[in-house]
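Dear colleague,

Please find below the structure that I am handing over to you. My notes on what was found in it follow directly after.

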Amino acid sequence: MSSSAVDYARQNYPRFLDELKALLRIPSVSTLPEHAGDCHFAAEVLAADLSKIGMENVRLIETKGHPLVYADWLHAAGKPTVLVYGHYDVQPPDPLDEWVSPPFEPAERNGNLYARGAVDDKGQVMAQMKALESLLAADATLPLNVRVLLEGEEEVGGEGIASYVASKPSQLDADFALVSDTELFAPGLPTLCVGLRGMIYTELEVRGAKTDLHSGMYGGAAPNPFFALAQILAKLKDENGHILIPGFYDDIIPPSAEELAAWQSLPFDEDEYRINEVGSQLVGEAGFSVLERTWARPTLEVHGIPGGFIGAGAKTVIPAKALAKVSMRLVPGMTPAKAFDLYKSYVEKLVPPGVDVEVRLIHSGDPCLIPVDNPYIKAATRALHEVWGKDTVFIRSGGSIPIVGDFARHLGLPSVMMGFGLPDDNLHAPNEKFNLKNFALGIESLIRFLEETGK
Ligand code: BES
Ligand code: MN
Ligand code: MN
C-alpha cells in the first residue's frame with residue numbers, strides 16, 4: 001500500500017492522539033442543559049480544526065439546540081462528492097464512581113484510550129478529520145469533493161440536523177454519505193454496517209390525586225399512580241419478550257434468506273456473548289437468534305421510573321404522579337408515527353380507574369437498510385482489505401443513528417457506515433474506550449477509502 005497520506009498520518013499520529021484527547025476533555029453532554037456551552041465549544045474546536053487543515057466555507061449552523069458544523073472542499077471536478085458525518089455530543093457520564101479514571105480526563109491503559117465519547121463518537125470524528133488533514137497535507141488536494149456535517153444532538157434524537165436535512169439545502173448536494181459511528185463485528189475484522197434500528201422514545205406519565213397524600217390517612221381509598229404504571233408496563237410485553245401492542249409487528253420486513261445465512265457465518269458465540277457481555281441468562285423471543293433479536297426485531301424497554309420518594313430512609317406518601325421513560329426500537333418496514341399511534345392507543349385502553357395517563361413522544365428516528373450494490377461500498381471493501389488484510393463482513397446494528405435514514409429519504413444518499421468501535425467499548429456506560437490500534441487503522445482506512453472513491 002503506497003499512499004503519501006498514509007505516511008503523513010503515521011508520522012503525525014502522536015499529535016492526532018493529543019488533539020483527540022483535547023476534544024475529549026470538553027464535556028459536551030447534549031442532554032444536560034448545563035453543558036450547552038461545552039457543546040458549543042466542542043463545535044468551535046472542530047470548526048477551527050477544519051479551517052486549519054484547509055477545508056473551506058467552515059461555519060457553525062445554529063439550530064434550536066446545539067450547532068451543526070459545516071465545511072467543504074469542492075475542487076475535484078468530475079469526481080463524486082462525499083458527505084462526511086459524525087457527532088460531537090456525548091452521553092452523560094454517570095454512574096461516576098464506576099469509572100477507573102475520570103470520564104473527561106482521557107487516560108491510556110492497555111492500548112485503549114478511556115473517556116466518555118472516546119469511541120462514540122469523538123474518536124471516530126477525529127479519525128475522519130485526520131484522514132482529511134492527511135490527504136490535504138500530503139497531496140495538497142483531495143481525491144474527491146468533500147462536505148463535512150457534524151452534529152451535537154445525536155444522543156438526544158438529532159432534531160436540529162433532521163430539520164436542516166429535511167429542508168434539502170443545496171449545501172448538502174452529494175453522492176454518498178460517510179458515517180463513522182459504528183463498530184467492527186470483532187477485533188481485526190473489517191466491517192461495514194448496513195442496517196440500523198429506528199426508535200421512538202416516550203414518556204408515560206400517570207397522575208392520581210391532586211397532590212401527594214399521607215399514605216396512612218388515604219391509603220386504601222386513594223389510587224397509587226405507581227401501581228397503575230406498573231400494571232400498564234406489565235401489559236406492554238409478555239414474559240417471552242413478545243410486545244403486546246396490537247399491530248406492532250404487522251409491517252416488519254424480515255431479513256432476506258441471504259442476509260440470514262451471512263449472519264450465520266459471522267464469528268459469534270452466544271455463550272461467550274452471554275458470559276462476557278450480558279453476564280446472565282439471555283432473554284427474548286424464542287425462534288430468533290441473538291443477532292436477529294438485536295438487529296432485526298423491535299424492542300420495548302423501560303429506562304427509568306422517576307418520581308415518588310427516592311431519598312434515603314422511609315417516607316409514607318402516596319405520590320401524586322409516576323413517570324416511566326419507555327423506548328421502542330423499530331426495524332425496517334416500521335415507521336415511528338405508526339408505532340407511536342399503536343402504542344398510545346393501546347396504553348390509553350390499559351388505564352386503570354382513578355388515574356389519568358399522558359403519553360408523550362420525546363424523539364423518534366426511522367430504521368434504515370443500506371443497499372450494498374453501489375461503487376462506494378465496493379471501494380470501501382477494497383480499502384478495508386488493504387488496511388486489515390481481510391474480507392469485509394456486512395452487519396446490522398441494533399443501535400440507532402436517526403439521520404442516516406434521513407440522508408436516504410431527503411437527500412437520496414446511500415451511506416457507507418464505516419466505523420471502528422469494538423463490541424466491548426462500553427458505549428454509554430462507565431469506562432468507555434477506543435482501541436488505539438483501531439484509531440490509527442481507522443484513519444488509514446478512511447484515507448484509503450476516500451482515495452479509492454476518487455479513482
Ligand atoms: N453510535 C451510536 C449508535 C450505534 C451504536 C451504532 C453501536 C452502531 C453500533 C449512537 O451514538 C447512539 O447511541 N444512538 C442512540 C440514538 C438515540 C438516542 C436516538 C441510540 O442508539 O440509543
Ligand atoms: Mn454515536
Ligand atoms: Mn451513542
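The 6 donor atoms around the manganese ion (ligand 3) subtend angles of 56 to 156 degrees, so the arrangement is irregular. Donors here are N, O and S atoms within 2.8 Å of the metal (3.2 Å for Na, K and Ca); water is not among the atoms, so sites may look incomplete. Four donors count as tetrahedral if all angles lie between 85 and 135 degrees; four count as square planar and six as octahedral if opposite donors are over 155 degrees apart and all others between 65 and 115; anything else is irregular.

Please note that this is a predicted model, in which local features need pLDDT of at least 70 and side-chain atom pairs count only at pLDDT 80 or more, while totals for chains, interfaces and linings use all residues. Residues are numbered from 1 along each chain as its sequence is written, chains are lettered from A and ligands numbered from 1 in the order in which they are written, and side-chain values use heavy atoms, with hydrogens and water left out.

The protein donors of the manganese ion (ligand 3) come from Asp 120 (OD), Glu 155 (OE), Glu 155 (OE) and His 428 (NE2), at 2.1 to 2.5 Å from the ion. Asp 120 also coordinates the manganese ion (ligand 2), which lies 3.6 Å from the manganese ion (ligand 3). Glu 155 counts as buried because its relative accessibility is 15%, whereas His 428 is partly exposed at 40%. Buried means under 20% relative accessible area, exposed over 50%, and partly exposed in between (1.4 Å probe, protein chains only).

The largest nonpolar core has 67 residues, of which Met 55, Val 146, Val 148, Val 416, Met 418, Phe 439 and Phe 449 touch the most other members. Helix α3 (residues 118–139) gives the most to this core, with 10 residues. Such a core is a set of buried Ala, Val, Leu, Ile, Met, Phe, Trp, Tyr and Cys residues joined through side-chain atoms within 4.5 Å. Helices (H or I, at least four residues) and strands (E, at least two) are DSSP runs, numbered from the N terminus.

Val 206 belongs to strand β9 (residues 198–207) and is buried, with a relative accessible area of 0%. Between Val 206 and Asp 356 there are 150 residues in sequence but 5.6 Å in space, C-alpha to C-alpha. Among the residues that Val 206 touches are Pro 225, Leu 229 and Val 357, where contact means heavy atoms within 4.5 Å.

Yours sincerely

Terms used:
Lists of a residue's contacts leave out its neighbours within four places in sequence.
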